[in-house]
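The sequence and structure are shown first, and the description follows.

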Amino acid sequence: LGDVYKRQGINAEYGIFPTRSQMSAPDGVYFERQRWSLCAVHVVNNILQARRVAKGDFDAVCLRLDASRWRNAHRSMFGVGDYDANVLQLVLREHGRLESRFLDRRNAALLVRSCVDASTTRAFLLNVNRDRGWMSLLLPTSGRHWTAVVHINDQWMLLDSLNDKPEPVDNVEQLIVSMVERKSLDCNLMVVEDQSKC
């Protein structure tokens, strides 16, 4: 995992210059690559395995939560994305009929293990801090990035829009716990559940 982010070029790593999104991987898994700071849009589409939402859907939710167009508390003031967890949760609920909740990082191993075994678990969402160095002076966004580990066809996959392609995960618990415990990532953890299976 340590080299996952190092393999990216400047476009993918910082997500601030437009790049062509890859809409599906060779193995048939739907996968979007990073564009601007739209990782929240990409992570929702990657979880839903189709292009179901766009930037406009996220912006509409932002305006419902905060009427301010310029100083909106839930997105970047520059209009390039950088959406927070409140917006992501509402979009997942409204467009995917999925519920999401935060997991306590102090008990990550136990909680992830119980969620992996649950038939309702669709994905794990991770919100990590990106060290953007001098780039943060050019675009003062939060510097945080959304990524997901998604259960697709009986296989867990790391679907990170900063990567070139989806990556199979053999031990989802080990991967997530290692990310949560790395202080440099300042990682927040959520589980996404399909309530229709309850």
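## Strand E3 and its neighbours

In this predicted model, strands E3 and E4 pair in the antiparallel sense over 5 bridges. Within this pairing, leucine 158 of E4 is the bridge partner of valine 149. The two strands form a hairpin with 2 residues between them, and asparagine 153 takes a positive phi near 50° there.

E3 also pairs with E2, again in the antiparallel sense, over 7 bridges. Here leucine 125 stands opposite alanine 148 of E3. How much of E3 is buried? The strand is mostly covered, with 8 of its 9 residues buried.

## The whole sheet

Strands pair through backbone hydrogen bonds, in either a parallel or an antiparallel manner. In this model, 6 strands form an open sheet with antiparallel pairing, and their order is E1-E6-E2-E3-E4-E5. Strand E1 (98-102) and strand E5 (167-169) are the edge strands, each of which pairs on one side only. From one strand to the next, the twist averages 25°.

Leucine 98 stands opposite aspartate 194 in E6.

## Helices packed on the sheet

Helix H2 packs on the sheet and touches E1, strand E2 (121-129), strand E3 (144-152), strand E4 (155-159) and E6. The direction of H2 makes about 0° with that of E3. Helix H5 (residues 108-116) also packs on the sheet, where it touches E1, E2, E4 and E6. The direction of H5 makes about 150° with that of E2.

## Helices H2 and H4

Two packed helices are described by the angle and the distance between their axes. For helix H2 (residues 39-48) and helix H4 (residues 85-96), the axes come within 11 Å and cross at roughly 35°. The crossing is right-handed. Which residues of H2 and H4 make the contact? H2 contributes Ala40, Val43, Val44 and Leu48, while H4 contributes Leu88, Val91, Leu92, His95 and Gly96. By class, the contact has 7 nonpolar, 2 polar and no charged residues.

H4 has 12 residues and reaches 15 Å from its first C-alpha to its last, close to the 16 Å expected. Its buried residues are Ala85, Val87, Leu88, Gln89, Leu90, Val91, Leu92 and Gly96. These buried residues of H4 pack against H2, helix H3 (55-65), E1, E2, E3 and E6.

Notes:
Residues are numbered from 1 along each chain as its sequence is written. This is a predicted model: local features need pLDDT of at least 70, side-chain atom pairs count only at pLDDT 80 or more; totals for chains, interfaces and linings use all residues. Side-chain values use heavy atoms; hydrogens and water are left out. Axes are lines fitted to C-alpha atoms, for helices over the stretch in contact, and angles run from 0 to 180 degrees between N-to-C directions. Helices (H or I, at least four residues) and strands (E, at least two) are DSSP runs, numbered from the N terminus. A crossing is left-handed if the near helix is turned anticlockwise from the far one by less than a right angle, and right-handed if clockwise. Contact means heavy atoms within 4.5 Å. Ala, Val, Leu, Ile, Met, Phe, Trp, Tyr, Cys and Pro count as nonpolar, Asp, Glu, Lys and Arg as charged, and the others, Gly among them, as polar. Two strands pair if DSSP finds at least two bridges between them. The expected span of a helix is 1.5 Å times one less than its number of residues. Buried means under 20% relative accessible area, exposed over 50%, partly exposed in between (1.4 Å probe, protein chains only).
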